[in-house]
4 protein chains.
Amino acid sequence: MDKIRAGLVGITGYTGMELARLLASHPSMKLTMGCSRSEAGRRLGEFYPFLEGLPGSDLVISVYSPKAVAENCDIAFLAVPHGKAMVMARELLEEGVRVVDLSADFRLHDAATYEAWYKVAHTEKHLLPEAVFGLPEFYAAEIARAKLVANPGCYPTSAILGLAPALKKGLISLEDIVIDSKSGTSGAGRKAVTTSLYCEVTDSFKAYGLAKHRHTPEIEQELSILAGQPVTVSFNPHLVPMNRGILSTIYTKLAADMSLDEVWQIYTDFYKVCPFVRVVPKGALPETRYVRGSLFCDMGLVVDPRTKRLIIVSVIDNICRGASGQALANANIMCGLPMAEGLNQAPLLP
Amino acid sequence: MDKIRAGLVGITGYTGMELARLLASHPSMKLTMGCSRSEAGRRLGEFYPFLEGLPGSDLVISVYSPKAVAENCDIAFLAVPHGKAMVMARELLEEGVRVVDLSADFRLHDAATYEAWYKVAHTEKHLLPEAVFGLPEFYAAEIARAKLVANPGCYPTSAILGLAPALKKGLISLEDIVIDSKSGTSGAGRKAVTTSLYCEVTDSFKAYGLAKHRHTPEIEQELSILAGQPVTVSFNPHLVPMNRGILSTIYTKLAADMSLDEVWQIYTDFYKVCPFVRVVPKGALPETRYVRGSLFCDMGLVVDPRTKRLIIVSVIDNICRGASGQALANANIMCGLPMAEGLNQAPLLP
Amino acid sequence: MDKIRAGLVGITGYTGMELARLLASHPSMKLTMGCSRSEAGRRLGEFYPFLEGLPGSDLVISVYSPKAVAENCDIAFLAVPHGKAMVMARELLEEGVRVVDLSADFRLHDAATYEAWYKVAHTEKHLLPEAVFGLPEFYAAEIARAKLVANPGCYPTSAILGLAPALKKGLISLEDIVIDSKSGTSGAGRKAVTTSLYCEVTDSFKAYGLAKHRHTPEIEQELSILAGQPVTVSFNPHLVPMNRGILSTIYTKLAADMSLDEVWQIYTDFYKVCPFVRVVPKGALPETRYVRGSLFCDMGLVVDPRTKRLIIVSVIDNICRGASGQALANANIMCGLPMAEGLNQAPLLP
Amino acid sequence: MDKIRAGLVGITGYTGMELARLLASHPSMKLTMGCSRSEAGRRLGEFYPFLEGLPGSDLVISVYSPKAVAENCDIAFLAVPHGKAMVMARELLEEGVRVVDLSADFRLHDAATYEAWYKVAHTEKHLLPEAVFGLPEFYAAEIARAKLVANPGCYPTSAILGLAPALKKGLISLEDIVIDSKSGTSGAGRKAVTTSLYCEVTDSFKAYGLAKHRHTPEIEQELSILAGQPVTVSFNPHLVPMNRGILSTIYTKLAADMSLDEVWQIYTDFYKVCPFVRVVPKGALPETRYVRGSLFCDMGLVVDPRTKRLIIVSVIDNICRGASGQALANANIMCGLPMAEGLNQAPLLP
């Protein structure tokens with residue numbers, strides 16, 4: 001069978017880099033087009049020496065054009081900034097190319113909320129109704145039929161997966177949910193800015209964007225759907241001196257007295273059919289290294305009788321599960337492939 | 001003037017190492033005795049090559065004996081595990097040596113609470129009434145008169161300093177205080193265990209001891225004193241792949257509507273006379289690197305109108321401010337020296 | 001077709017961990033037995049949470065017994081210390097199990113040299129003649145027929161591959177070869193020792209074992225074979241605060257005036273048929289991250305007319321190419337599989 | 001006594017940052033002027049939050065003007081790029097301000113060599129004869145009288161100190177000296193470039209500038225003076241994922257058979273009067289962390305009878321000893337203060 005032809009618009013950032021990595025060893029999909037204005041004309045293997053000699057490394061990077069993508073690709077990944085992605089998505093859909101958009105442009109169903117948090121006008125509002133939020137555990141059927149998938153943000157992926165059973169099963173109060181998230185530095189992107197320099201990041205730890213990070217409405221949208229009523233959260237990100245990984249510590253209040261055994265069983269049952277969500281044993285806690293380079297979301301549970309809280313620790317790889325790996329899983333589903341195709345490699349340790 | 005003679009019992013851990021470092025450049029105090037069973041007989045400069053050639057490096061490490069300490073020292077630091085420290089403290093006090101105990105043995109006023117959390121019998125309960133909790137910003141007068149100072153834990157130092165103005169001034173609800181703390185790996189100690197190996201820690205992030213860390217009662221004791229009524233908190237630590245530093249993100253609920261301007265002014269006024277507490281400008285947030293190697297506690301404030309929360313970010317160096325530097329500040333006060341003597345070096349960046 | 005059944009003796013170290021990782025996604029080989037005295041009785045997925053849910057994670061760790069290995073495995077990997085491996089290899093060969101030994105026990109053809117450098121008696125000298133040095137680029141035919149493959153050391157792999165074309169083609173003087181190697185900390189093993197703790201390794205750099213590291217005779221043995229006459233080298237290792245990777249900077253003297261163009265062409269031709277050796281473009285230099293988690297050896301060349309030197313920079317992943325990945329490549333060849341089976345994943349970046 | 005007034009031109013880079021740090025706790029010198037075009041108008045403590053509250057933090061950053069520096073400063077440090085520094089040095093000398101130049105502009109006595117390696121015209125050749133190479137161990141008398149001190153480069157400092165006794169005492173052949181140096185990432189400067197990003201540097205290792213780094217002629221100049229005849233070296237730098245530190249492994253050939261005891265004694269005697277050079281015990285090797293934040297140069301010696309080589313391992317902190325700390329030592333000497341004033345802090349560990 002011929003391989004599915006994938007296009008990648010935006011290759012210079014970490015999500016583009018990760019998609020190029022994953023596609024290099026995908027058994028049924030191949031990179032047939034890679035677009036970047038700044039790097040056009042270079043071979044992919046020259047630009048990314050780690051990919052040299054692997055499938056796709058001889059591809060010559062080109063300037064984006066919707067027509068060229070349509071000619072060469074069955075599906076396209078948009079790994080470009082929000083604002084830019086919405087226009088490209090529209091152009092590609094008009095050309096008949098299915099799109100997985102890694103930006104935030106189609107994640108929020110409500111354009112006004114998008115515009116309030118992102119301070120950008122949404123020029124393609126008509127596409128919002130057909131965009132599917134690409135969390136495969138919850139929306140696989142819709143993704144399979146979708147022409148446009150809005151790939152979830154990294155923090156939301158960890159938070160939503162962590163809270164879903166608790167909200168769906170009514171375990172917790174909808175008040176007072178605090179999500180304290182910690183992300184590896186690849187989450188800050190690959191732009192050359194002083195604050196992302198090695199010597200500014202290593203051997204230090206900081207919070208940023210407290211109470212006003214743009215992933216907040218995305219988290220609230222999905223939690224509200226799960227809870228069946230509006231949910232407001234306090235979402236607060238931090239930067240960790242490491243490459244990859246997000247760990248979200250989620251503080252909730254139990255709706256009623258409940259033992260760890262009971263909560264753990266509910267979580268385990270909830271995710272029984274989801275091979276990439278691993279509820280770790282009672283008493284254990286997840287670590288970001290255990291999911292490095294993979295699609296896994298590992299989850300640990302703590303019930304604190306002193307404060308009547310359920311604490312959920314949810315861990316993902318921010319650029320694989322939190323971006324490009326999830327995008328590829330979505331593309332797999334859209335193309336009729338098994339969700340896990342090309343994503344079955346074990347996490348890299350140490 | 002002759003230098004004050006300091007003894008250090010326990011030199012092989014990171015707190016002992018840090019005290020040796022600080023004493024090597026202290027203008028009015030010198031290390032006259034360093035005790036370690038395992039390293040006895042070696043020169044300090046041989047054991048710690050980084051101290052070679054500096055004052056104190058020619059000291060020969062010896063086995064602890066209360067009499068020898070009494071002969072050679074005006075004051076003694078105990079950098080040994082809890083349980084062991086209580087006996088030594090009693091012995092040294094009997095010999096007339098003033099003691100700064102870096103362990104947890106005398107931090108909790110209530111022996112039953114100590115025994116419940118530490119699972120160890122307290123054999124020196126009679127000393128608890130005279131032990132002073134060594135947080136110089138709040139107890140300087142008592143420290144000056146004390147024979148036995150219980151040096152605060154690292155996490156409690158960051159949490160108590162962060163919450164003190166809010167509790168003292170009644171800004172927040174006493175319910176629902178969540179302290180999400182992140183510590184550098186020196187906090188895990190210098191014992192040779194697999195989980196502390198470089199390749200197990202680097203490029204990863206994890207939580208541990210959620211809802212049951214032993215620093216919880218210490219935090220609650222001091223917050224209750226500040227609030228004038230019992231305070232229960234949810235305290236939850238995490239491990240960061242970095243050497244030094246603690247950042248505590250503290251989630252509280254405002255007792256009444258309040259602007260950031262108002263909260264910031266109250267905090268700034270509260271700490272106006274405290275040179276080592278720095279409330280960072282409105283809109284800014286502290287980073288652990290900015291306090292590396294110093295006694296500073298940096299504090300950032302966020303008011304979130306969406307959730308009516310006050311979020312406090314409190315940052316210290318866990319082994320300097322959170323242990324040995326604070327111990328030295330306490331010793332300075334006990335000996336009639338300025339609190340900051342020998343502690344005025346700028347943080348090391350990068 | 002049934003999968004080839006592989007046994008792994010020694011699972012707790014980093015080489016055992018890496019083999020478990022690689023076998024979890026191998027399409028034609030599976031882990032049927034994992035041996036460790038200290039961890040016997042635990043499920044592999046419990047001991048290694050990162051492997052949970054992947055093929056092999058339900059395996060119960062057992063105590064090594066040659067008979068049990070013979071019953072359950074077609075081939076066995078020995079990831080145990082030198083000295084212990086030689087006996088196990090003999091036992092397994094007697095049981096008819098083919099062996100890839102990751103220790104140093106069968107790498108040196110001369111038992112006296114082994115005993116001089118390793119300070120251990122070689123009790124299985126009779127097996128030395130049949131042991132094949134497992135460098136697939138040079139010994140693939142012998143490996144295919146071998147019952148016992150001595151998997152090369154990590155440093156030797158980088159040094160030998162780096163020097164082979166220069167020696168084989170007579171480009172350099174045999175005098176004055178200096179190999180300055182830098183290794184990631186996984187090379188120090190997973191033993192719980194203070195010197196391998198995170199806080200002792202991070203943010204620092206050191207040399208160790210200068211002029212007396214045990215990999216020296218292994219390097220000299222293979223270089224002498226390539227040169228056709230005895231070669232003595234100065235080999236000097238260093239420790240880098242990173243997980244994986246070895247970079248060897250190799251200083252040689254050109255036998256005659258030669259341009260970079262000429263040397264580069266000879267290297268490129270030499271390795272044309274070797275998909276896992278990548279000679280980087282003229283003017284470029286390799287980095288350890290570009291080979292992370294892979295079998296690649298990347299090589300950069302510099303000709304310095306001022307000093308008439310050829311400097312070769314050779315880069316591998318020390319636990320994949322330098323140990324477990326190469327062991328798996330050898331096992332593939334021994335079992336009639338393509339060398340690269342299960343080893344085609346792209347390096348993990350960042 | 002009034003403090004000596006110091007000016008610092010260029011505060012945004014790591015050397016400027018380090019000078020600001022050191023001056024904040026200098027007992028007899030204070031920062032009275034800090035110049036930066038891009039940050040002019042900001043308070044120093046605002047720009048560098050880690051310095052807030054310390055002496056100098058209230059200084060307002062200004063635009064450089066020679067007249068203003070002359071009015072406000074007794075001495076000036078130039079922490080600006082080469083090419084720019086030479087003009088400023090001339091201007092300041094004309095105004096009567098003594099200058100410590102941290103750039104390379106006045107390090108090479110021969111303008112033609114400077115122009116060949118730096119590809120810049122030297123516009124102030126007339127100042128070269130009076131510029132003193134600021135290595136305090138060798139040129140203290142000249143520094144004391146100097147109006148213009150050329151502060152040595154970081155790599156040269158480690159290499160020259162490491163080789164000086166061997167060359168001065170004729171221990172080694174002048175042929176075949178190879179200097180393999182490894183530097184922390186602060187050495188790459190604080191410019192916002194992709195290659196210096198955290199995720200590009202961490203967990204990786206690379207060589208750069210092999211055989212053509214600009215510090216080569218500076219090393220050769222000083223080694224030739226020490227040897228009394230021209231010395232050519234192969235100097236090759238590498239980048240380590242750490243903040244601070246340089247380790248140079250220096251490969252030499254012994255001129256005659258010599259034991260480690262003999263070499264070690266010669267080195268120890270040579271540096272007996274130099275408190276900041278520490279020859280580590282026989283059998284030990286230095287580590288960069290042992291000198292972190294200090295003026296120390298630690299040195300380890302290995303004699304290899306197999307290859308008749310003397311290997312010297314020389315370790316410094318690249319931004320303290322290798323730049324700003326050494327600059328401050330030079331300024332101390334120029335101002336009649338003890339060389340070590342303000343530089344006596346113990347290295348920061350861990």
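## A sheet in chain B

B:Arg278 has B:Asp298 of strand E12 as its bridge partner. This is a predicted model, where local features need pLDDT of at least 70, side-chain atom pairs count only at pLDDT 80 or more, and totals for chains, interfaces and linings use all residues. Residues are numbered from 1 along each chain as its sequence is written, chains are lettered from A and ligands numbered from 1 in the order written, and side-chain values use heavy atoms, without hydrogens and water.

E12 (residues 297-304) runs parallel to E11 in chain B, with three bridges between them. Both belong to an open, mixed sheet of seven strands in chain B, ordered E8-E9-E7-E10-E13-E12-E11. E8 (206-207) and E11 (277-279) of chain B sit at the edges with a single partner strand each, so one side of each has no neighbour in the sheet. Strands here are DSSP runs of E, at least two residues, and helices are runs of H or I, at least four, numbered from the N terminus; strands pair if DSSP finds at least two bridges between them.

## One face of a helix in chain D

After H4(D) comes D:Gly96, with a positive phi near 90°.
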